[in-house]
Amino acid sequence: MVQALFEQLSTQLNFLLLSQRQMILIAAFSVAIATFATNIKKLDVAFISIMLLVYSLAVGITAVVDFNNYIEDVKNDTTNGTLEEDELRLVNRSKKWVYFTYAQIVIITILAYFFIKFRNSL
């Protein structure tokens, strides 16, 4: 069962890491749009950058919730018996990756806060 769990866990972890990358790319694109909005003095374009930051947060939160649900499902799966010690260690190690997503969510939230706070300076 270790190999099957490893393959499933790898797929789920890759999804989480790709979501983290997507969060960063969307946030970077949002910053570029905000810079453009400042240069052309258009508030509606600045609103688009804030919407992109909110979308980036939604992607990250959804990925974390899905990954945590998967981890809980694996731990609670009693149809295959209890997890072996190696499997449990593997699951617990993989669970630590969500903290990087939490950090990104906090950083993007702070960025969105400052965008909203200083948008009137356009």
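These notes concern the packing of helix 2 against helices 3 and 4 in a predicted model.

1. Helix 2 (residues 43-76) and helix 3 (residues 85-95) have axes that come within 11 Å and cross at roughly 165°, and because angles over 145 degrees count as roughly antiparallel, helix 2 is roughly antiparallel to helix 3. The crossing in which helix 2 passes helix 3 is left-handed.

2. On the helix 2 side, the contact with helix 3 is made by Phe67, Asn68, Ile71, Val74 and Lys75, while helix 3 contributes Leu88, Val91, Asn92, Ser94 and Lys95. By class, the residues of this contact divide into five nonpolar, three polar and two charged.

3. Within helix 3 itself, Glu87, Leu90, Val91 and Ser94 are buried; seen down the axis of helix 3, these buried residues fall within an arc of 95°, so they line one face of the helix. Glu85 and Arg93, on the other side of helix 3, are exposed. Of the buried residues, Val91 and Ser94 also take part in the contact with helix 2.

4. Helix 4 (residues 98-118) packs with helix 2 at an angle of about 160°, the axes being 10 Å apart, which means that helix 2 is roughly antiparallel to helix 4. Here, too, helix 2 passes in a left-handed crossing.

5. The residues of helix 2 that meet helix 4 include Ser49, Leu53, Gly60, Val64, Phe67 and Asn68, and among their counterparts in helix 4 are Val98, Tyr102, Ile105, Ala112 and Ile116. This contact of helix 2 with helix 4 has 14 nonpolar, six polar and no charged residues. Phe67 and Asn68 of helix 2 belong both to the contact with helix 3 and to the contact with helix 4.

Notes. Residues numbered from 1 in each chain as written. Predicted model: local features only at pLDDT ≥ 70, side-chain atom pairs only at ≥ 80, totals over all residues. Heavy atoms only, no water. Axes fitted to C-alpha atoms, helices over the stretch in contact; angles between N-to-C directions. Helix = DSSP H or I, 4+ residues; strand = E, 2+ residues; numbered from the N terminus. Parallel < 35°, antiparallel > 145°, perpendicular 65-115°, else oblique. Left-handed = near helix turned anticlockwise from the far one by under 90°. Contact = heavy atoms within 4.5 Å. Nonpolar A, V, L, I, M, F, W, Y, C, P; charged D, E, K, R; others polar. Buried < 20%, exposed > 50% of the residue type's maximum accessible area, 1.4 Å probe, protein only. Arc of directions from axis to C-beta.
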